[in-house]
Amino acid sequence: MVAHNMAIGQYRDDPAAMDDVEREVAAAQYPEGGLVVGLGIGIVLPVLTVQALLVLTPFLGGIVGFVLGRRFRDYAIRRRRKDRSATK
Amino acid sequence: MSGVTDGDGETLSSSIGILGVLALLVGNAISVPIFVLPGPLAGTAGPALVLAIMLAAIPAGFVVLYNALLGSAMPVAGGLYVYISRLTAPYWGFLVPFTIPLVAWASLLITATGFAEYTRIFFDVPSMWLIYVLLGFVLLVNVVGLRVVAQVQIVFFVGLVVSLLTFIVPGAAAIETANYTPFFPDYGGFGLAVVALFYPFLGFGLLIELGEEIDDPGRTIPLVLGLGIGIVVLFYVGLIAVLVGVVPYVELGNEADLALAASRFLPWWGEYVVAAGAIFAVVTTVNTTLLVFSRTLMRASRDGILPASLSRIHPRFDTPHYAVAVLGVPPFVLVPLADEIVGLSVFIGLASLTAYFFCAIGLWNLPQEFPAHYANAPFRLRRYRGLLLAVLGGGVATGAFWLVTLLQRPVVGMVLIGWFGVAYVYYRYRLAKTDRIETYRTMTTLDVHERVEESEAQRASDDASGDTSRANTGESGD
């Protein structure tokens, strides 16, 4: 469920379409947090080094952070599912 | 403002007519920053400031459109926070109430500085005293819940318009074209001015409230929107064109430069009229500044993502006193930053447009995620035509704002993105303090009274059939 398409127009998690594990992980907003961290790194690094890179690195950082956040979210879901099935 | 709409249940347009709606809109939109910012910005951007205000009007137009569409389709308490959290993702929505205090503090400092500098034209009192007096007055008015009655508001609005016209009309005849060269003395300063001048357009938020009140909204809202922003742009462009046309830009750089310019072509009383206009603009906003922001904090608090105390209402004054205190007290400590008028305005412009960018994504999602609400909207855009254009336009403008800010004032962008990072940590902390799934569910769904049944939407859609001003709902455009 969580691995829905991220095309524009479908960018919204619908809690009603998720199970409990997905809801719990989705609440943490990993991709969004990753985007902000990536954006921040993409701003701070060029400010400290080559300022002209500001044209590119914030956007790249944001995209990379978002993708990593999504991967971590998927990993967190898999891990929780595994833990849950092991408990059962 | 509300005094006009309350009472007998008449719509705004039926009680005071379309001109009345326009007057309310324009009166609310023309705000203190336009008296304060042109001087300091013109000092670096030069005559190109005229072009800067025109460019700033473009994202402002998008914002007005988003407000009108979302406000009419989904009238809710909490404004942008609710739209963004429900229509995109909870964390993006949470950034609104978490960043609002910073915007409110910056806004109060600019307002207080403007008040101080223009009041000093009448009384020779240290600026710092006047800044503290205004901050104290705003806090008191908002905690106690005093209201400037509608009639007084209208008198001040008329005074404001008279003051602006007194400056612009005779000033137009006093312009010396030589003052317009060089037109672009500093491209960086020009870019930064565009971002900073977005701030004076933010007063159009009133449209969210107007949505439900106007008769024949499908026709009236676009008309009032177009005319309203057109009139405000005319006032702003006229004001700045006279300022940089009458005084060489190298002599500009102070907050009260409009009064200085007035003294160049008006008799002795000219600068007093302009100063009075600035003070009128302050008075018309003191009782809305904090209370409007505090509503957003209250809604986020009720959702559980901010402390419960922020939604508590004072038993005697009937105001959200804790929320008002969070917004109104810190500026007393931050007064030394009041000198950074341009930086503060850029921060407000960037933070606000970023919020509206998320709002635009939410607007794109609206027909798909809440089709019943969109069907109920008084006027709509085709999803793959007008709506897509509005969303992309807002995205391009936001990207440009960020780029200009990062290249010209990187510290502003760093503060904002750093604050977003702090917001993420706090968001996770609040989740840990609450039932995270329940909080997540609350932040992604509307309250029961805010929901629209499909049958109602169908009826509204049927009623609208035949109205050429209404386009298809998003579903049909998919």
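With which side chain does the side chain of B:Ser301 make a polar contact? The partner is the side chain of B:Ser311, at 3.0 Å. A polar contact here is a pair of N or O atoms within 3.5 Å; within protein, one must be able to donate a hydrogen and the other to accept it, and residues adjacent in sequence count only if both atoms are side-chain atoms.

Some housekeeping. This is a predicted model: local features need pLDDT of at least 70, side-chain atom pairs count only at pLDDT 80 or more, and totals for chains, interfaces and linings use all residues. Residues are numbered from 1 along each chain as its sequence is written, and side-chain values use heavy atoms, with hydrogens and water left out.

Back to the serine. B:Ser301 lies in helix 15 of chain B, residues 289-302; helices are DSSP runs of H or I, at least four residues, and strands are runs of E, at least two, numbered from the N terminus. The side chain of B:Ser301 also reaches the backbone oxygen of B:Ala308 at 3.4 Å. At 5% relative accessibility, B:Ser301 counts as buried, meaning under 20% relative accessible area with a 1.4 Å probe, protein chains only.

Now the chain. Chain B has 24 helices and zero strands, and 59% of its 478 residues count as buried. One of those helices is helix 18, residues 341-369, with 29 residues. From first C-alpha to last, helix 18 of chain B reaches 40 Å, close to the 42 Å expected at 1.5 Å a residue, where the expected span is 1.5 Å times one less than the number of residues. In helix 18 of chain B, 26 of the 29 residues are buried, so the helix is largely enclosed by the rest of the structure.

Notes:
Chains are lettered from A and ligands numbered from 1 in the order in which they are written. Buried means under 20% relative accessible area, exposed over 50%, partly exposed in between (1.4 Å probe, protein chains only).
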